[in-house]
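Hi,

Here is the structure I promised to pass on to you.

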Amino acid sequence: MDVALAAGSAWTDPACPVARTVDLIGDRWSLLIIRDAMDGATTFTEFLQRLGIARNILTDRLRKLVEHGILHKSAAADGRRHTYRLTEAGLDLFTAVVALRQWGERHAFAPDESHSVLVDDQGRELPELHPLSRDGAPLSAEASHVRKIA
């Protein structure tokens, strides 16, 4: 996986994993492409139709996601198009996408406003994600901190 940024770009905060992640996939369109890939989109046309994104922006984001090892691009069976599939690194983003979704369900909708729901293979809503300490106790932002590197 190539974790370099485009020429002339620099990491926002080189030692911070959150900042590096945002530098790689933190823009609106990249996250929505990843979301739609998790929901089965594989072709340029599918992403274009689902997102309503401009073609040039979609082309740029797909290229960057491939360059950074989030998506794998391969020739489609017809040889005229390409398909995009999440790599292992892309699939590893599932928990982060679920966490963003659950935050949105709690904070981005009015109580009576309808929204989509993520369900498992049996149609059951996913349980709420909660970080746990090594001993299994619930962990909060107040009960954790970042250890800076020297």
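This is a predicted model: local features need pLDDT of at least 70, side-chain atom pairs count only at pLDDT 80 or more; totals for chains, interfaces and linings use all residues.

Let me start with helix H4 (residues 55-67) and its neighbour helix H3 (residues 44-51), whose axes come within 11 Å and cross at roughly 125°. Since angles of 65 to 115 degrees count as roughly perpendicular and those over 145 as roughly antiparallel, H3 is therefore oblique to H4. The crossing of these two helices is right-handed. On the H3 side the contact is made by Phe44, Phe47 and Leu48, and on the H4 side by Arg55, Leu58, Thr59 and Leu62. By type, the residues in this contact are five nonpolar, one polar and one charged.

H4 also packs with helix H2 (residues 28-38), here at an angle of about 70° and with the axes 10 Å apart. That angle makes H2 roughly perpendicular to H4. From H2, the residues in contact are Trp29, Ser30, Ile33 and Ile34, while H4 supplies Ile57, Leu58, Arg61, Leu62 and Leu65. This contact divides into seven nonpolar residues, one polar and one charged.

Now to the strands. E1 (residues 71-75) and E2 (residues 82-86) pair in the antiparallel sense, over five bridges. Within this pairing, Leu71 stands opposite Leu86 in E2. The hairpin has six residues between the strands, and Gly79 takes a positive phi there, near 75°.

Best wishes

Terms used: Residues are numbered from 1 along each chain as its sequence is written. Side-chain values use heavy atoms; hydrogens and water are left out. Axes are lines fitted to C-alpha atoms, for helices over the stretch in contact, and angles run from 0 to 180 degrees between N-to-C directions. Helices (H or I, at least four residues) and strands (E, at least two) are DSSP runs, numbered from the N terminus. Angles under 35 degrees count as roughly parallel, over 145 as roughly antiparallel, 65 to 115 as roughly perpendicular and the rest as oblique. A crossing is left-handed if the near helix is turned anticlockwise from the far one by less than a right angle, and right-handed if clockwise. Contact means heavy atoms within 4.5 Å. Ala, Val, Leu, Ile, Met, Phe, Trp, Tyr, Cys and Pro count as nonpolar, Asp, Glu, Lys and Arg as charged, and the others, Gly among them, as polar. Two strands pair if DSSP finds at least two bridges between them.
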